[in-house]
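Good morning, and thank you for coming.

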Amino acid sequence: MRLKVEFTTEPFELDGFPEHARTARRVVDEAGLRVDVGPFGTSAEGEQAQTLAAIGRLLEETLAHGATRISLQVSVLDPDSAPVAEAEESR
């Protein structure tokens with residue numbers, strides 16, 4: 001089963017890229033998930049075990065690096081749908 005996680009870490013910083021946000025991106029990259037960064041959040045997808053393990057690390061590590069709020073949503077992907085990154089590229 002493939003999962004998609006969409007997440008945002010706070011607090012927002014208008015003058016820079018906060019350490020907790022850099023940490024979140026590093027965690028999903030290291031997990032090998034397909035990533036799409038948007039203006040209000042990040043989407044990443046992968047196989048179930050890979051994605052769930054990344055979510056656990058994301059929560060622990062972003063909180064340790066200053067996140068005060070983490071919003072996330074997890075969705076089961078249709079097996080016939082294009083991966084997030086490919087869908088974004090085709091727009």
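This is a predicted model: local features need pLDDT of at least 70, side-chain atom pairs count only at pLDDT 80 or more; totals for chains, interfaces and linings use all residues.

**Spaces and contacts in the model**

About 30 Å³ of space lies in the largest cavity. A search of the whole structure finds 1 cavity of 30 Å³ or more.

Which residues line the largest cavity? They are Val5, Phe7, Val28, Leu33, Thr51, Ala54, Ile55 and Leu58. Strand 1 and helix 2 each contribute at least two residues to this lining, and helix 2 provides the largest share, with 4 residues. Sorted by class, the lining of the cavity holds 7 nonpolar residues, 1 polar residue and no charged residues.

Let us turn to the largest pocket. The space in the largest pocket amounts to about 380 Å³. Its lining consists of 20 residues, and those nearest the centre of the pocket are Phe17, Ala21, Gly38, Gly41 and Thr42. Strand 1, residues 2–10, and helix 1, residues 19–30, each supply at least two residues of the lining of this pocket. Which element gives the largest share of that lining? Helix 1 does, with 4 residues. By class, the lining of the largest pocket has 11 nonpolar, 7 polar and 2 charged residues.

Next, I would like to consider the two helices together. How do helix 1 and helix 2 lie relative to each other? Helix 2 covers residues 48–64, and its axis comes within 9 Å of the axis of helix 1, with a crossing angle of roughly 160°. An angle over 145 degrees counts as roughly antiparallel, and helix 1 and helix 2 are therefore roughly antiparallel to each other. The crossing of helix 1 past helix 2 is right-handed.

On the side of helix 1, the contact is made by His20, Thr23, Ala24, Arg26, Val27, Val28 and Glu30. On the side of helix 2, the residues in contact are Ala54, Arg57, Leu58, Glu61 and Thr62. Taken by class, the residues of this contact divide into 5 nonpolar, 3 polar and 4 charged. Please note that Val28, Ala54 and Leu58 take part in this contact and are also among the residues that line the largest cavity.

Is the bond from Glu10 to Pro11 cis or trans? The bond is cis, with omega near 15°. Pro11 is placed in the loop between strand 1 and helix 1.

Thank you for your attention.

Technical notes:
Residues are numbered from 1 along each chain as its sequence is written. Side-chain values use heavy atoms; hydrogens and water are left out. On a 1 Å grid over the protein atoms alone, a cavity is a set of points where a 1.4 Å probe fits but cannot get out, and a pocket is an open set with protein on both sides within 12 Å along at least five of seven lines; lining residues have an atom within 4 Å of a point. Grid points are joined across faces, edges and corners, and a volume is the space filled by probe spheres set on the points. Ala, Val, Leu, Ile, Met, Phe, Trp, Tyr, Cys and Pro count as nonpolar, Asp, Glu, Lys and Arg as charged, and the others, Gly among them, as polar. Axes are lines fitted to C-alpha atoms, for helices over the stretch in contact, and angles run from 0 to 180 degrees between N-to-C directions. Angles under 35 degrees count as roughly parallel, over 145 as roughly antiparallel, 65 to 115 as roughly perpendicular and the rest as oblique. A crossing is left-handed if the near helix is turned anticlockwise from the far one by less than a right angle, and right-handed if clockwise. Contact means heavy atoms within 4.5 Å.
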